[in-house]
Amino acid sequence: MEHMVEVRSVRKRFGNFVAVDGVDLNVCAGEFLTLLGPSGCGKTTLLRMISGFETPTQGSIFLAGRDVTRLPPYRRDVNQVFQSYALFPHLNVWKNVAFGLRMKRVPSATIKQRVEQAIGLVSLAGFEHRKPSELSGGQKQRVALARALVCEPKVLLLDEPLAALDAKLRRAMQVELKRLQSRLGITFIFVTHDQDEALVMSDRIAVVNAGKIEQIGTVGEVYRQPKTRFVADFLGAANVLSVQVLSDDGIVTRLGCNGALTLSAPGGQLEPGYSATICIRPEKIRVSRSRPSDDCAFEATVGECLFRGSNHQVQLTTTGSQSLVATVPCQGENDRPFTAGEKVFCQIEDDDVIVLDSTKPRSIEAPSSPSSQERQEAQ
Amino acid sequence: MTQAVAIQPISNVRRPGWRGWGLFAPMLAWLALFVVAPTAILLVYSFFTGEGIGEVDTHFTLQNYQRIFTPVYLDLFWRSIVYAGATTILCALIGYPVAWYIGRAPASRRGKLLMLVMIPFMTSFLIRTYAWLIILHEHGLLNGFLEAAHLIPTVFSHPLNILYTPTAVMIALVYTYLPFMILPIYTSVEKLDPSLIEAAADLGAGRTRSFFRVILPLTWPGVAAGILMVFVPAIAMFAVTKIMSGGHIRLIGDEIQEQFEGGGDLPFGSALGMALLILFLVTYWISAGRGAKELRGA
């Protein structure tokens, strides 16, 4: 498929601070791509370089095959929806939406038709003569959207556009945005720090951390197969454990967790003796009162049990005092499926143990010299 | 999807109680004593009959106003309007970029830059005007520098003849009133949300159109305040014109001063003052009301 946006080894430095540190990114035509990351990770800077408000220190940006790296924003076929909406306060809704077309010197008959269409698209018919100050947050959001979409951009850039809305409205707008995007077929690049938002709307997610893309993939890939601890932690809840590889027969890898717990993972990925970091999603831990037939089950004590509407979040401590968090679907009318202090049995499928990374054991990696602590003990 | 919307933004402003009026009272007293009362006296005097050297007869007459509409005084008014108008335009053209620069500077530097704008206020106004005499004089600093640097084109007189010309008056007027233009525009520029400028660029507006379609309409309140604060005092300017023009150029302010000082025609001076007041009100109406609406409704 043709790439609508190509970001090639782009770096952006502000003084001594490197905001974007060598990013490569291809966005396909008609795709909904989300840049997900914590604040200050560089996702907004990356977006602003695509829209033209920032110029990369290094690297280049292509839009539909054309190098736009040095083009000012008004010469690019992209439009942005701003976090603060940035509606022109001196113009009414109609004039706000018509602004872009006027700047492009579109004939006024066409402007009239396209503006009406855009306002209809975001269901704001009847509000044409309102000033932005007379609109609610959600309505402002729609005007901002209509104002950008009416220009028929090749790519629509959205900078945390839903951040200022309340939770209910935000969820409704998520669905609506996604619907709009698939209907119009415009490429969307969406910046957010909200993982739920990213999961609901995106075709692909690029998880950004410290100026770099940690992982990019479809929503399912990134959620099911996080490649780093950061991705696992940031996208969805995760139990991240440090383990030692005990054995690997090619089919099953046995992992020991500080002697507290032994887990199995699909074999063939790790060498015995290595230490590794693994991730287990809370919903993948099955918790039951009765001992399952599976011999891999392990015992744990229930700590806190939190009701979260559709499920319960259960804090567990295994016999070797390893903490885990599990989510248990709500069944029946029990407010608390387990009581604190109760002994339960946990089961984790091999396939649900995700290996994030592995390192050689210390003895291989570093020349064996006794640590300072060991020396002290020897004296 | 569409929710109910309050048509009018809800106002949190309470009507001030007596405590509020108490806080405002000094201002009211000041206005009453030094603005309303003198204006009322002026109004009454303007209908009296002047009896020559400082003498006033309390007979009602419209003669003073009729006299304003004679060519001599209409000419004087017209010249004052032209000088004040030119001063306002020049101040706006010079002041806007300066105000923009200060308003867009990092917040930590804005205070220092504003200080620079206000430094001239620390010296007496007359001293500053006399300083211009030294600078612009035939053998003054400016000519000395230009001659030494051979910067005067041959078509001009050597040395440059600036002092005691309209140019000198304009220099003094613009110099005096520039801060009054910069400060209100700065306030508007500082409040302008930078993402609006980005939005304009994003929607295809180049620098020029971004300025005229977004930046200027949104900073217009500052410009309007600046126009008011420059045009109104500039039109009534006196003394400086006399000093800088060597007495060749008289504006309405000089005329009024002469009528009140040294045994002039007090009622006629009052009528001139009232005419000036009407001119101020018109200026205010144009800059704050109609003009602003026209620009904003773009």
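Guide: One term first: two strands count as paired when DSSP finds at least two bridges between them. Also keep in mind that this is a predicted model.

Visitor: Okay, which residue takes a positive phi in the hairpin of E12(A) and E13(A)?
Guide: Strand E12(A) and strand E13 (residues 261–266) of chain A pair in the antiparallel sense, over six bridges. The hairpin has three residues between its strands, and the one with a positive phi, near 50°, is Asn258(A).

Visitor: And in the hairpin of E11(A) and E12(A), which turn residue has a positive phi?
Guide: Strand E11 (residues 239–248) of chain A is joined to strand E12 (residues 252–257) of chain A by four bridges, and the two run antiparallel. Across that pair, Ser247(A) has Arg254(A) in E12(A) as its bridge partner. Three residues lie between the strands, and in the turn the positive phi, about 90°, belongs to Gly250(A).

Visitor: How many residues lie between E17(A) and E18(A) in their hairpin?
Guide: Seven bridges hold the antiparallel pairing of strand E17 (residues 311–318) of chain A with strand E18 (residues 323–329) of chain A. Thr317(A) has its bridge partner in E18(A), namely Ser323(A). In the turn, Ser321(A) has a positive phi of about 55°, and the number of residues between the strands is four.

Visitor: In the open sheet of four strands in chain A, what is the order?
Guide: Start from the edges: strand E2 (17–28) and strand E5 (66–67) of chain A each have a single partner strand, so one side of each is left without a neighbour in the sheet. Two bridges join strand E4 (residues 58–63) of chain A to E5(A), and they run antiparallel. The sheet's pairing is antiparallel, and the order reads E2-E1-E4-E5.

Visitor: What is the bridge partner of Leu63(A) in E5(A)?
Guide: Leu63(A) falls within E4(A), which covers residues 58–63 and is joined to E5(A) by two bridges. Its bridge partner in E5(A) is Arg66(A).

Visitor: How far apart are the centres of domain 1 and domain 2 of chain A?
Guide: The domain assignment of chain A gives 3–226 for domain 1 and 237–363 for domain 2. Taken over C-alpha atoms, their centres are separated by 39 Å.

Visitor: Over to chain B: which helix gives the most to the side that touches chain A?
Guide: In this contact, 22 residues of chain B meet 26 residues of chain A. Two elements of chain B give two or more residues to that side, helix H8 (194–202) and helix H9 (207–235). The chain B side divides into twelve nonpolar, five polar and five charged residues. With six residues, the top contributor is H8(B).

Visitor: Is H1(B) mostly buried or largely in the open?
Guide: Helix H1 (residues 18–45) of chain B has a kink of about 45° at Phe24(B), shortly before the proline Pro26(B). To count as buried, a residue needs 20 or more other C-beta atoms within 10 Å of its own. Of the 28 residues of H1(B), the number buried is one, so the helix lies largely in the open.

Visitor: And Ile68(B): buried, exposed or partly exposed?
Guide: Ile68(B) is found in helix H2 (residues 63–68) of chain B. Beyond four places in sequence, it touches Tyr73(B), Ala271(B), Leu272(B) and Ala275(B), and its C-alpha atom is 7.9 Å from that of Ala271(B), 203 residues apart along the chain. With 18 other C-beta atoms within 10 Å, Ile68(B) is partly exposed.

Technical notes: Residues are numbered from 1 along each chain as its sequence is written. Chains are lettered from A and ligands numbered from 1 in the order in which they are written. This is a predicted model: local features need pLDDT of at least 70, side-chain atom pairs count only at pLDDT 80 or more; totals for chains, interfaces and linings use all residues. Two residues are in contact if their C-beta atoms, placed from the backbone, lie within 7 Å. Ala, Val, Leu, Ile, Met, Phe, Trp, Tyr, Cys and Pro count as nonpolar, Asp, Glu, Lys and Arg as charged, and the others, Gly among them, as polar. The bend at a residue is the angle between axes fitted to the seven residues ending there and the seven starting there. A residue is buried if 20 or more other C-beta atoms lie within 10 Å of its own, exposed if 12 or fewer, and partly exposed in between; C-beta atoms are placed from the backbone. Domain bounds come from an automatic or database domain assignment.
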